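Subject: Structure for you to look at

Dear colleague,

I am passing on the structure we spoke of, with notes on what I found in it. Please read them with the model open beside you.

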Amino acid sequence: MTTKELYIGIMSGTSLDGIDTALVEIDNNQVRLLDSYDHPIPDSLKQRILDVALGQQTSLPEIGQIDHLLGKLYAQAVHALLDKSGHKASDITAIGNHGQTVFHQPGGQTPFTIQLGDANIIAALTQIDTVADFRRKDIALGGQGAPLVPAFHQSLFQSQGSTVVVLNIGGIANLSVLRPQQAVIGYDTGPGNMLMDAWCHLHEGKAFDKDAQLASKGNIDQALLSELLKEPYLALSAPKSTGRELFNLPWLESIVSRYSTSVADVQRTLCEYTAQTIANEVSKFKLGDNPELLTCGGGAHNPLLMQRLAELLPEWQVMPTDDKGVDSNNMEAMAFAWLAYRRIHNQPSNLPEVTGASKLASLGVMYFADK
Ligand SMILES: Nc1ncnc2c1ncn2[C@@H]1O[C@H](COP(=O)(O)OP(=O)(O)O)[C@@H](O)[C@H]1O
Ligand SMILES: [Mg+2]
């Protein structure tokens, strides 16, 4: 009897660069990517999400409308992926939907995290059972609700004696540390592309600094870099997770405004800041003669960032996860397909040693399509 099932993962990360969808076949926990599709987010909706995410004054109707519009957009993305791949809705066991994080505040007296994109709408419009709300049970158990990908990274990559670090560079950068006979470590190191994107958008009107063209024209402002490196989040010990609530444009401008650094020099300094905050963490985990740093997420396409990571970590072999047979552009969407599989099969999917939760739990909530 075959145990193969098809799942669709949907990821829209903090960069707001689009909705990533992945169609995967899962057989006994082993994931194979069959197809993928990136769906655009209309600029007007992107701006509304950013306004909420930056803690601007908002209203309940605004949040309700974004929740509704994203639910529809995710369903459209699934339909487009099904068309592209030639599959029918009835072929798919379930969708795993991350949703759009608009606020992540896992610490303090009243921890919470909010992802929008109504999964009832996804299930109703696609006629596919949908798993969503993956983060809040972990938070209810005292965890960070993030990062959730380390368990998936663990299922994909094994350490052969030397450390393997999987580094996802999305809006925020997060790593998973895999070592033999040791618990997985995983946390957000700090900014990924988010600050570089925000600065480039403000000054060049572009969504991101493609191939580090602007940064490459600038020089590092060491005083500004030292100031940025003082951010207290960087010195916190794990478990920890962060987001746009902290590393946002107003935060950046409040620091940059004290310097007279040129636009290109700030861009170059932000690239260096991102590289150093990542490398400082990765270097803590070197074990064995051939440690590997496997990169994924959009930041893996930034040549200057990759060059600086390789230079800052001379003892590490730095390569995209593609070199190990896993598509680096679809890692997160595949992870949420796998998390849906774990929910459907009642298998745990958080790693308490990573998130700080009090126990293992199967994450996600089922939204049935009532076919
Ligand atoms: N050619 C490139 N040059 C520089 N940066 C790139 C390039 N391609 C992608 N990126 C970066 O990757 C980001 C998207 O990464 P992604 O992994 O989708 O993040 P998220 O998970 O937050 O949505 C873009 O916003 C951009 O900063
Ligand atoms: Mg993205």
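The lining of the second largest pocket divides into 10 nonpolar, five polar and six charged residues, where Ala, Val, Leu, Ile, Met, Phe, Trp, Tyr, Cys and Pro count as nonpolar, Asp, Glu, Lys and Arg as charged, and the others, Gly among them, as polar. This is a predicted model, in which local features need pLDDT of at least 70 and side-chain atom pairs count only at pLDDT 80 or more, while totals for chains, interfaces and linings use all residues. Residues are numbered from 1 along each chain as its sequence is written, chains are lettered from A and ligands numbered from 1 in the order in which they are written, and side-chain values use heavy atoms, with hydrogens and water left out.

The volume of the second largest pocket is about 570 Å³. (A pocket is an open set of points on a 1 Å grid over the protein atoms alone, where a 1.4 Å probe fits, with protein on both sides within 12 Å along at least five of seven lines; lining residues have an atom within 4 Å of a point. A volume is the space filled by probe spheres set on the points, which are joined across faces, edges and corners.) Of its 21 lining residues, Lys 46, Leu 50, Ala 198, His 201 and Arg 244 are the closest to the centre, and helix H1 (43-53) and H6 are the elements that give two or more residues. Helices (H or I, at least four residues) and strands (E, at least two) are DSSP runs, numbered from the N terminus.

The largest pocket has a volume of about 1100 Å³, and of the 47 residues that line it, those closest to its centre are Ser 15, Ile 169, Gly 170, Gly 171 and Gly 298. H11 gives the most to this lining, with four residues. Because domain 1 (5-145 + 330-367) and domain 2 (158-324) both contribute to the lining, the largest pocket lies between them; the domain bounds come from an automatic or database domain assignment.

Turning to the sheet, five strands form an open arrangement in the order S9-S8-S7-S10-S11, with mixed pairing (two strands pair if DSSP finds at least two bridges between them). Its edge strands, S9 (185-191) and S11 (317-320), each pair on one side only. Strand S7 (residues 164-169) pairs with strand S8 (residues 172-178) in the antiparallel sense over six bridges, and Asn 168 stands opposite Asn 174 in S8.

With best wishes
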